[in-house]
Amino acid sequence: MRKKLVSVLGALAMAGAATVMTAPEASALTASPTEVCGPGYKVVDSEQLINRTVWVYLTYNSSNGYNCVVTIRGNGGDPVHMSADLTVQGGSQKSDTGYYGSYAGPVYAHAAGKCVKWGGFFSDFDQSAYESPWSHCG
């Protein structure tokens, strides 16, 4: 009985740990990635930057072949240095960099049939950045 209880508690703890690293629901953000990028865009990837409150999102619109990247600060606040970056393989990097209270981006690029690198930057008292490897090819 004790072994079964420990196994169940361990599984619950692991499930709880997994949920900590998932992107927050749109209601917990100052803006949702699909609202910022526009109609038809769906989140295909995300990366947490800092303190579980800043996320970079990669979205894709299958009807037009465009990707969109946005960096969203979950709690909003005074403007801080942020960026959203997107590069289509064979092209140059596109970025939106500045001082924003809620989000950087959207940054768009046509990427149907190609790989992308995407990422973002956030800096207030701490700083954090992410750049993906070439991914989401096709």
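A disulfide is here a pair of cysteine sulfur atoms within 2.5 Å. The model under discussion is predicted.

Q: Why is the pair of cysteine 37 and cysteine 68 called a disulfide?
A: The cut-off is 2.5 Å between cysteine sulfur atoms. The sulfur atoms of cysteine 37 and cysteine 68 are 2.0 Å apart, and the two residues therefore form a disulfide.

Q: What makes the disulfide of cysteine 37 and cysteine 68 left-handed or right-handed?
A: The torsion about its S-S bond is about -75°, so this disulfide is left-handed.

Q: Which parts of the chain does the pair of cysteine 37 and cysteine 68 tie together?
A: Cysteine 37 belongs to helix 2 (residues 33-37) and cysteine 68 to strand 3 (residues 66-73), so the bond connects parts that are 31 residues apart in sequence. Both cysteine 37 and cysteine 68 are buried.

Q: How do you know that cysteine 115 and cysteine 137 are joined?
A: Their S to S distance is 1.8 Å. This value lies within the limit of 2.5 Å, and the pair therefore counts as a disulfide. The torsion about the S-S bond of cysteine 115 and cysteine 137 is about 110°, so this disulfide is right-handed. The pair links distant parts of the chain, 22 residues apart: cysteine 115 is in the loop between strand 6 and strand 7, and cysteine 137 is in the segment after strand 8 (127-131).

Q: Why is cysteine 115 called buried?
A: Buried means under 20% relative accessible area. Cysteine 115 has a value of 13% and is therefore buried.

Q: How many disulfides does the rule give, and what pattern do they follow?
A: The count comes to two disulfides. With bonded cysteines counted along the chain, the pattern is 1-2, 3-4.

Q: What makes a set of residues a nonpolar core, and which residues touch the most other members of the largest one?
A: The members must be buried residues of the nonpolar core set, joined through side-chain atoms within 4.5 Å. The largest such core has 18 residues, of which Leu49, Leu58, Val69, Leu86, Val116, Trp118 and Phe122 touch the most other members. Strand 4 (80-88) is one of the strands that each supply at least two residues of this core. Its share, five residues, is the largest. Another core, of nine residues, lies apart from this one and includes Val36, Trp55, Tyr57 and Ile72.

Definitions and conventions
Residues are numbered from 1 along each chain as its sequence is written. This is a predicted model: local features need pLDDT of at least 70, side-chain atom pairs count only at pLDDT 80 or more; totals for chains, interfaces and linings use all residues. Side-chain values use heavy atoms; hydrogens and water are left out. Buried means under 20% relative accessible area, exposed over 50%, partly exposed in between (1.4 Å probe, protein chains only). Helices (H or I, at least four residues) and strands (E, at least two) are DSSP runs, numbered from the N terminus.
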